[in-house]
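The sequence and structure are shown first.

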Amino acid sequence: MTKSSVLGYPRIGADREWKKALEAFWSGQLQEDELHSRLQEIRLNHLRQQQAKGIDLIPVNDFSYYDHILDTAVMFGIVPKRFAYSGGVVPLSVYYGIARGTKDAAASEMTKWFNTNYHYIVPELNDASPALTENKPLTAYLEAKEKLGIEGKPVIVGPLTFLKLSKGYTESETDGWLDKLLPLYTQVLQELADAGVQWVQVDEPALVTKLHAEDIQHLNKIYRTFAEAVPGLNILLQTYFESVEHYNDIIALPVQGIGLDFVHGLEGNLQSIQTFGFPADKVLGAGIIDGRGIWKASLQDKLTLLQTLTSFVTTQRLIVQSSCSLLHVPVTATRETKLPAKLIDALAFAEEKLDEIVILTQALRKPDAVVFATIHEAEQKLQALQHSEDRNRKAVQEAVATIRVQEPNRSHPFAQRYVAQQDKWQLPLFPTTTIGSFPQSSEVRKARQQWRKNELSNEQYASFIRDQIDRWIHIQEDIGIDVLVHGEFERTDMVEFFGEKLAGFAFTQYGWVQSYGSRCVKPPIIYGDVEFTNEMTVAETKYAQSKTNRPVKGMLTGPITIMNWSFVREDIERETIAYQLAYALRQEVEALEKAGIGMIQVDEPAVREGLPLKQDQQANYLDWAVKAFRITTCTVQETTQIHTHMCYCEFHDMIDSIEAMDADVISIETSRSHGELIHSFEENTYELGIGLGVYDIHSPRVPSVEEMSSMIDRALRVLDPKLFWINPDCGLKTRGQQETVASLQNMVDATRIARAKH
Ligand code: GLN
Ligand code: ZN
C-alpha cells in the first residue's frame, strides 16, 4: 500500500517557542533540565501533529538543539581542539560553544545549506579522532515509540554529504575519513536495527551536485558497507533540492529505497526514470509536495504525476512525500488572519502540506468523494488567486514585456562616465564612504514601535527620523567622510521596507523560518505583479542632502536581493519577477535623480544566494540577474553615479558578472575573506570603481589606523588607485555609536596616510 512520509519538520514551533527556549537558556534564564523538558515538549508536539494528520512514516531525529550537521559532528565526537572536550557525550556548553563561540574560542564557520537560506555549522575534521558519543537517532526513535506509540523513521545525514560539507582535510584523505566514520555509522544503524527500526532515511543531498568518479566509488563503498553490516535494515537513500547526477549508479546501490525530488528536480529525475526505469526491488520516495515553497499544490497535477510514476514502480512501492524537509517553510497558515482571503486560501505551510501528502496518498490507495472534492477545491482556490487583479496588472506586464527585450545600457560607457563624474563631483583620491546604515539604537527601535502602535503620529515619527539624519550628517562631516548617507533609520529590514511600499507584496504575522541557530526570518511574500506606487526613499534622502554640501548617496535594495529574500509566486518565472522588481526600482532611481540626488546605491548582497545548484544553469541565472540590475540603473544621466554593494567573499568565479553590472562603484566585503578576494583581483582585472571593505563590521572592536593602512596598501598593489574607494565591509546598523565613530575616524586617518603616499 502506498505510504505517506515527511522528510523533516520545522523545529521552531508555531510561536517560535524553540527559539525562545534556546535564547532563554543562553541568557541564563532557563536551567539545562528546563531546556531539555521544553524542547521535548516541542518535539513531541510536532510528532503528535504528524500522527494526527495520518502521516505513515514520521521522521525522528530531524529535531535539533541548533543544527543537524553540528549534531552529526558531535555524535561522532568531532569537536575542534580549541574547545575543552575530553571525550564522552558532548556537553551542551561545548555544543553551543562550537555553534556560537565562547570567550576563549571562536565559533565554527557557518555556511549556506545548499541553495536554501538555512545555514549549518561546518564540521572541522583536522586531527579529530571520531568516536560514537551517543546514538541520537536511537534515542529519538525510542522516545517517539514509548511516549506516543509512533514507529518513527530516524533521519541521519549520510557519510558522503557529511564529508563533503566538512572542512579540515584534503580530498585524498577522504578514504581515510570514511574508514574512521563508517564503523561508527554502522554501529548507529546496527543499534537502530536491533531496536526494531524499519526504515532509516539517510540524507545524501550531495548526490544532486556534480560528482567525480571517486565520489561514486565512495558512495559504493559506503552503502555496500551498510548493506553487509546491517542486512536487515531498510535504508531509504534520500536526495533533494535538484535532480540526481549519476542516476544509474545511484539506483544500483544496495539500498531498499531511493528518495527523489520531483519538485525542484522534476525534469531531470522524471527523465531519468523514464529513460532508465526504476529497480523493481526498491521503494521510490516520490518528493512531490514542495518542502521549500509556501503555495498550495495543484493536487490534480500532482496526482497526474504520481500516476505517471506508477508506470515505473508499483503503488505498493511508492511513498508520497515532501520534496525535502519542511524545515524551510513556516509552521502553519491557520494563524494568518490579516492577509487577503484569496491569498490565505492559496497558502500551504508545513501543517497544510501534511494534509496534501495524506490526500494524495489516499488518492492512490482508495480515492473517495472527499478526496476528489479536496482536489477540486484546491484547484478553485489557486485559480481564484490566479485570476485576481493582483496577478493581472496590465500596465506592469506590458512595460516589462517591452523592457526585457531592450538592451539596458547606460547612455555612455564607463570610461566616459568616469571623466564626467570626476568633473562633476571633484572627489579626492580614494574617496571615503559607508555602506548605508548607521546604528539602530534602542531609541530608534523604540520610536518605530511607538509609531507602529500609533503612539507616535506620522509627523512625529518623520520628525524623529529627521533628527537622527541631522545628527549623523554632522557626525559624518566631522569625521571627514566624502560621500555621505542618510543612515537608514526608517528601515527595519532592507527588504521588508521596500516590500511594504510596493504593490504585489504581502507580510505574514507568523511566517517565520529558521535561518541559522535560533535566528528566524519572516520573508515577505511576492504574490502579485510588483508595482511602484509611491516614492519610497526620496523624502529622507532629499532631507539629508539639504543638510550638507557633500554628496549624499541614495540607498535602495536591488531587485535580486529583494527576490532572493522573499517567498515568490510560482506561476511566472523568477526572471520575470526580477524584471518587475527592476522596473519598479528604476522608477525610484529616477525619482531620486529628479529630486537632485546624484549618487544612488543599489545593494545586491544576495545575488549569490540565488545561484542554481546545477552548473549548466548558473550562467543563465547570472545573465538575467545582471540584466535586472542594469534595468534598475540604466536610465540615469552619465554624471549620476551608480553604486552597488555586496557582502560575502566568494567572488572569484563571479567577477565577470559583477563587472557586467556596470555600476560606477562597487563596495564589497573583504576582511573576512582573509585576502582571498584581493588575490582574485590579481588573476582577474576589474576596471570600474571599487571599494574593498577595510574593516570588519561584525565585531565591536575598533580597528587601528595601521591595520586599515596595511589593508589599503595591499589592495592598492592589485587595484588601480584612480578607481579605489575606502569604506567599511558592510552597513553599521548593528554597531554602537561610539565604536562606529572611532572606527570611521581611524578609517579616514588611514585614507589620509594613503593619499600622502600616492
Ligand atoms: N545598505 C545596507 C546597510 O548598510 C546594506 C546591508 C547589506 O549589505 N546586507 O545596512
Ligand atoms: Zn553588506
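## Surroundings of the ligand

Of the 13 residues around ligand 1, those that come nearest are Ile435, Gly436, Ser437, Pro605 and Gly731; a residue is near a molecule if its C-beta atom, placed from the backbone, lies within 6 Å of it. The model is predicted: local features need pLDDT of at least 70 and side-chain atom pairs count only at pLDDT 80 or more, whereas totals for chains, interfaces and linings use all residues. Residues are numbered from 1 along each chain as its sequence is written, while chains are lettered from A and ligands numbered from 1 in the order in which they are written.

Sorted by class, the shell around ligand 1 holds six nonpolar, four polar and three charged residues. Here Ala, Val, Leu, Ile, Met, Phe, Trp, Tyr, Cys and Pro count as nonpolar, Asp, Glu, Lys and Arg as charged, and the others, Gly among them, as polar.

An open sheet is formed by six strands in the order 15-17-18-19-20-21, with parallel pairing. Strand 15 (553–557) and strand 21 (724–727) are at the edges with a single partner strand each, so one side of each has no neighbour in the sheet. Neighbouring strands are turned by 25° against each other on average, direction ignored; axes are lines fitted to C-alpha atoms, for helices over the stretch in contact, and angles run from 0 to 180 degrees between N-to-C directions. Strands (E, at least two residues) and helices (H or I, at least four) are DSSP runs numbered from the N terminus, and two strands pair if DSSP finds at least two bridges between them.

Helix 22 (residues 574–594) packs on this sheet, touching strand 15 and strand 17 (599–603), and its direction makes about 170° with that of strand 15. Contact requires C-beta atoms, placed from the backbone, within 7 Å.

In strand 18 (residues 641–646), six of six residues are buried, each with 20 or more other C-beta atoms within 10 Å of its own, all placed from the backbone. Gln641, His643 and His645 lie on one side, and Ile642, Thr644 and Met646 on the other.

Strand 17 is joined to strand 18 by five bridges in parallel, and Met599 stands opposite Gln641. Four bridges join strand 18 to strand 19 (residues 665–668), also in parallel, with Ile668 as the bridge partner of Met646.

## The three-stranded sheet

Another open sheet has the order 11-14-16 and mixed pairing. Helix 22 lies across strand 14 and strand 16, at about 55° to strand 14.

Notes
Two residues are in contact if their C-beta atoms, placed from the backbone, lie within 7 Å. A residue is buried if 20 or more other C-beta atoms lie within 10 Å of its own, exposed if 12 or fewer, and partly exposed in between; C-beta atoms are placed from the backbone.
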